[in-house]
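The entries below keep the order in which I looked.

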Amino acid sequence: MAGIKIIGTGKYVPETVSTNEDFTKIVDTSDEWITQRTGIKTRHMSDGEPSWYMGMKAGAQAIESAGLSPDDIDMVICTSVTGDYYTPATANIVQGKLNIHHAFSIDINCACAGFVYALDMARRYLSVGEDVQNILIVSPENITKLVDYTDRSTCVLFGDGAGAAVVTRSEGFYHSYLETDGSGADKIYAQSARPGNAFTNREKAESFKELFPQGKEHYMYMAGNDVYRFATTKMPEALEKACAKAGFTPADLDIIIPHQANARIITTAAKNLKLPMEKFYVNIEHYGNISSACIPICLHELREAGRLHSGDKVGLVGFGAGLIFGACVFEY
Ligand code: COA
């Protein structure tokens, strides 16, 4: 199977920025605690921009930076877990707003690992036949609408924004390792509307117990310590397995872009892999965790800074609700 080439990237973040100091006014916390335990200083937070809007902005920039026009795009994959509607797919709305004609669009829900999973899916579409040449991946997230701002252990972690990339086929290598563990689905979740209609038997409905009983309304519940342990073991494992398929080790990668959930998770993963932190790109200080938008925003910043060179060995590694994790390594 062929590899992939990232030929364009884009990013959009809302104007409003919240600092750690701002959080001390709404919950019992401190700049010192947040900085030491998470590495986060500020986050961009939606001023009401819907996810489709952020995806459209980042997507337009990605198409332009690829030197393409919207009609060169054959497929749109959107990775948002915070779509604006149950239906239609956010990918469809973004496609329409960007005036991309003759393409098909798909939403995937792979939580914070969404971009890694979308890239892997894109590569498989690109590898089969000639009908798909250029794929736009958009990763817009309005995570803060799922955040309970009375829960100090989660509210300080998240921000909003979008990343995007245009991907095409290449002859370079590409390998991945993806895995999910559904038995950990209760470790991070946010509930949708409960079942019910005009004819629902209320008594019977009550007999269906909550699958995950700890949640509060539609807000995100997270077992922070369990997720921390999961992330620090599974990130190294995914990277090692993807590299092994490519015939090298993570030490051979030029740059590793990890999901940005907590700076301490990245430091511990680096230690477990016996790698220096210089190999890892980290921007969590400015954005917090923006779920699936983190990795494409990092990619965009690295490209803009001229830090990615043709032939570089790049590793992407994500994890998140599901529980889900995965890594891909490819020649840039
Ligand atoms: N400010 C001050 N104190 C806080 C706090 C905050 N914002 N949040 C939690 N605390 C307190 C706790 O209440 C606890 O107090 P106690 O000892 O009196 O009970 C203490 O700090 C330690 O809590 P703990 O949960 O053990 O802290 P931690 O060092 O594990 O950090 C997380 C908590 C959430 C930052 C960390 O577990 C984490 O990052 N987990 C992974 C989350 C993640 O990656 N989620 C997204 C996945 S995509």
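This is a predicted model: local features need pLDDT of at least 70, side-chain atom pairs count only at pLDDT 80 or more; totals for chains, interfaces and linings use all residues.

N262 sits in the loop between β11 (255-258) and α9, where helices (H or I, at least four residues) and strands (E, at least two) are DSSP runs numbered from the N terminus. A polar atom of the N262 side chain lies 2.7 Å from the backbone nitrogen of R264; a polar contact is a pair of N or O atoms within 3.5 Å, and within protein one must be able to donate a hydrogen and the other to accept it, while residues adjacent in sequence count only if both atoms are side-chain atoms.

Residues are numbered from 1 along each chain as its sequence is written, and side-chain values use heavy atoms, with hydrogens and water left out.

Which residues come nearest to the ligand? Of the 23 residues around the ligand, I found that T29, R37, R152, N225 and N262 come nearest, where near means that a heavy atom of the residue lies within 4 Å. The side chain of T29 has an N or O atom 2.6 Å from a nitrogen atom of the ligand, and a backbone N or O atom of G224 is 2.9 Å from a ligand nitrogen atom. For N225, a side-chain N or O atom lies 2.7 Å from an oxygen atom of the ligand. The ligand taken alone exposes 960 Å², of which the protein buries 74%, with areas from the Shrake-Rupley method and a 1.4 Å probe. I also saw that α8 gives the most to the shell around the ligand, with four residues.

I looked up T200, which lies in the loop between β9 (188-189) and α7 (202-207), and T200 counts as partly exposed at 21% relative accessibility. A polar atom of the T200 side chain lies 2.6 Å from the backbone nitrogen of N197.

K274 has a positive phi of about 55° although it is not a glycine, and K274 is exposed, with a relative accessible area of 75%. S291 also has a positive phi, of about 50°, yet S291 counts as buried at 3% relative accessibility. The peptide bond from T87 to P88 is cis, with omega near 10°, and the bond from G322 to L323 is cis as well, with omega near -10°.

Is helix α11 (residues 294-304) mostly covered or mostly open? I found α11 mostly covered, since nine of its 11 residues are buried, among them C294 and L302.

I noted 11 helices and 13 strands in the chain, and 53% of its 332 residues count as buried.

Definitions and conventions. Buried means under 20% relative accessible area, exposed over 50%, partly exposed in between (1.4 Å probe, protein chains only).
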